[in-house]
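Subject: Structure handover and findings

Hello,

The structure is pasted below, and my notes follow it. Please read them with the coordinates open.

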Amino acid sequence: MSSGQQARAQAAAITPGGQSSEEVRPPADRLLALFDGRRLSPGQRRIAQYLIDHLTEAAFLSITELAERVGVSQPSVTRFAASLGFSGYPALRDVLQPIALSAVAGAPDTREQIRRNELQEAVDAEIENLENVRRLLADTDQVLNIGRELAASVPLTVLGLRISVSLAEYFAYAARRIHPDVRLVTRGGSVAFDALLQSRAAGGTWVLAFAMPRHAKETLAAIRAARSTGLRVVLITDPTLGPLVDEADVALTAGTGSRLVFDSYAAPGMLSAALLQAMADADPERTQARLEGYEAVADQHGFFL
């Protein structure tokens with residue numbers, strides 16, 4: 001079992017009710033206690049300050065996302081966690097998340113205490129969509145199994161047409177950092193069929209497809225084309241049942257925010273990030289090597305400020 005899987009297993013263990021003396025301390029004090037007495041390098045102090053300033057968000061970031069937000073390398077985050085006495089970043093994050101949740105629970109501005117406008121109601125609807133994804137992710141075995149399948153598919157094809165292009169591009173961009181051959185398909189028709197056929201001929205076994213409403217007929221045609229070549233399909237779509245779900249081997253649903261003129265995709269984005277984490281956990285040595293190689297090239301060429 002990988003370190004990330006071990007951390008999740010430990011975090012999911014059932015414990016008796018009641019609060020410990022540590023849990024009743026103010027969240028800020030519990031966070032600062034992690035850094036008390038530690039000799040941190042300038043880069044590590046930047047990470048610590050970011051956690052202090054953005055705890056409720058930072059506690060749920062992946063190691064790659066945290067490194068990007070702070071402007072340090074991923075190995076720097078790993079060394080930071082080690083300097084605090086943790087086996088790695090997943091173990092540190094498992095400690096940070098309960099502190100962050102207690103900070104949110106103690107915040108004075110609850111939904112019942114503020115006057116909501118249309119924009120806030122749209123945010124509330126997205127929160128509900130995220131809650132549904134949270135319930136979906138309670139079955140970590142399902143997500144980890146899918147992650148292993150996608151990680152093992154070389155090449156891995158990511159499909160997203162029309163409104164779903166942005167989600168597919170995000171996933172493919174991130175997946176290329178941890179996977180040796182990711183092929184992005186954002187055009188339908190014969191272009192999609194040719195790409196899927198080539199992917200299967202090259203040894204690919206899976207396609208990850210995104211289909212957000214309104215569902216395009218060409219997406220259905222592309223999924224059927226993938227199946228006809230022998231590829232299997234993981235579909236991320238909204239909860240609306242239809243022929244797309246029937247054609248997929250695995251369907252994961254996440255609601256879209258539809259309160260505004262244009263839909264928002266916080267929940268599908270979170271589900272995408274969870275699958276990326278599962279892919280990284282499936283082959284931690286490959287993930288570590290590829291991330292370190294990317295960081296070395298990025299530092300050498302000055303990709304980041």
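Valine 233 is buried, with a relative accessible area of 0%; buried means under 20% relative accessible area, exposed over 50%, and partly exposed in between, with a 1.4 Å probe and protein chains only. The residue belongs to strand S4. Helices (H or I, at least four residues) and strands (E, at least two) are DSSP runs numbered from the N terminus. Leaving aside neighbours within four places in sequence, the contacts of valine 233 (heavy atoms within 4.5 Å) are Trp206, Val207, Ala209, Ile223, Ala226, Arg227, Ala248, Asp249 and Val250.

On provenance: this is a predicted model, in which local features need pLDDT of at least 70 and side-chain atom pairs count only at pLDDT 80 or more, while totals for chains, interfaces and linings use all residues. Residues are numbered from 1 along each chain as its sequence is written, and side-chain values use heavy atoms, with hydrogens and water left out.

Overall

The protein chain has 15 helices and 5 strands. Of its 305 residues, 40% count as buried. Among contacts between residues at least 6 apart in sequence, 70% join residues at least 24 apart.

Helix H12

Helix H12 covers residues 217-229, 13 residues in total, and at 1.5 Å a residue should span 18 Å; its end C-alpha atoms are 19 Å apart, which agrees. The expected span is 1.5 Å times one less than the number of residues. Its buried residues are Thr219, Leu220, Ala222, Ile223, Ala225, Ala226 and Thr229. These pack against strand S1 (156-160), helix H11 (189-201), strand S3 (206-211), strand S4 (232-237) and helix H13 (243-247). Glycine 230 follows H12 and has a positive phi, near 105°.

Salt bridges

A salt bridge here is a side-chain nitrogen of Lys or Arg within 4 Å of a carboxyl oxygen of Asp or Glu. The count by this rule is 9.

Glutamate 247 and arginine 224 form one of them, at 3.1 Å, N to O. Glutamate 247 lies in helix H13 and arginine 224 in helix H12, so the pair ties together parts that are 23 residues apart in sequence. Both are partly exposed: glutamate 247 has a relative accessible area of 22%, and arginine 224 has 43%.

Aspartate 249 and arginine 227 form another, at 3.6 Å, N to O. This pair links distant parts of the chain, 22 residues apart: aspartate 249 is in the loop between H13 and strand S5 (250-253), and arginine 227 is in helix H12. Aspartate 249 is partly exposed at 30% relative accessible area, as is arginine 227 at 35%.

Arginine 286 pairs with aspartate 283, the closest N and O atoms being 3.9 Å apart. Arginine 286 is partly exposed, with a relative accessible area of 21%, and aspartate 283 is partly exposed at 29%. Salt bridges that share partners also join Arg227, Arg232 and Asp249 into one network.

Glutamate 126

Glutamate 126 sits in helix H8 (residues 118-136). The residue is buried yet has no salt bridge; the nearest side chain of opposite charge, arginine 259, is 9.5 Å away. For charge, Lys and Arg count as positive and Asp and Glu as negative, with His and the chain ends not counted. The glutamate 126 side chain does reach the backbone nitrogen of alanine 266, at 3.4 Å. Not counting residues up to four places away in sequence, glutamate 126 touches Gly255, Thr256, Gly257, Ser264, Tyr265, Ala266 and Ala267.

Nonpolar cores

A nonpolar core is a set of buried Ala, Val, Leu, Ile, Met, Phe, Trp, Tyr and Cys residues joined through side-chain atoms within 4.5 Å. The largest has 32 residues, and those with the most contacts inside it are Phe171, Phe210, Leu275 and Met279. Helix H9 (140-152), S1, helix H10 (165-175), S3, S4 and helix H14 (266-282) each supply at least two of its residues. H14 gives the largest share of this core, 7 residues. Phenylalanine 210 touches residues including Val158, Leu167, Phe171, Thr219 and Ile236, not counting those up to four places away in sequence. A second, separate core of 27 residues includes Ala48, Val72, Ala81 and Leu96.

Regards

Definitions and conventions
Polar contact = N/O pair within 3.5 Å; in protein donor to acceptor, adjacent residues only side chain to side chain.
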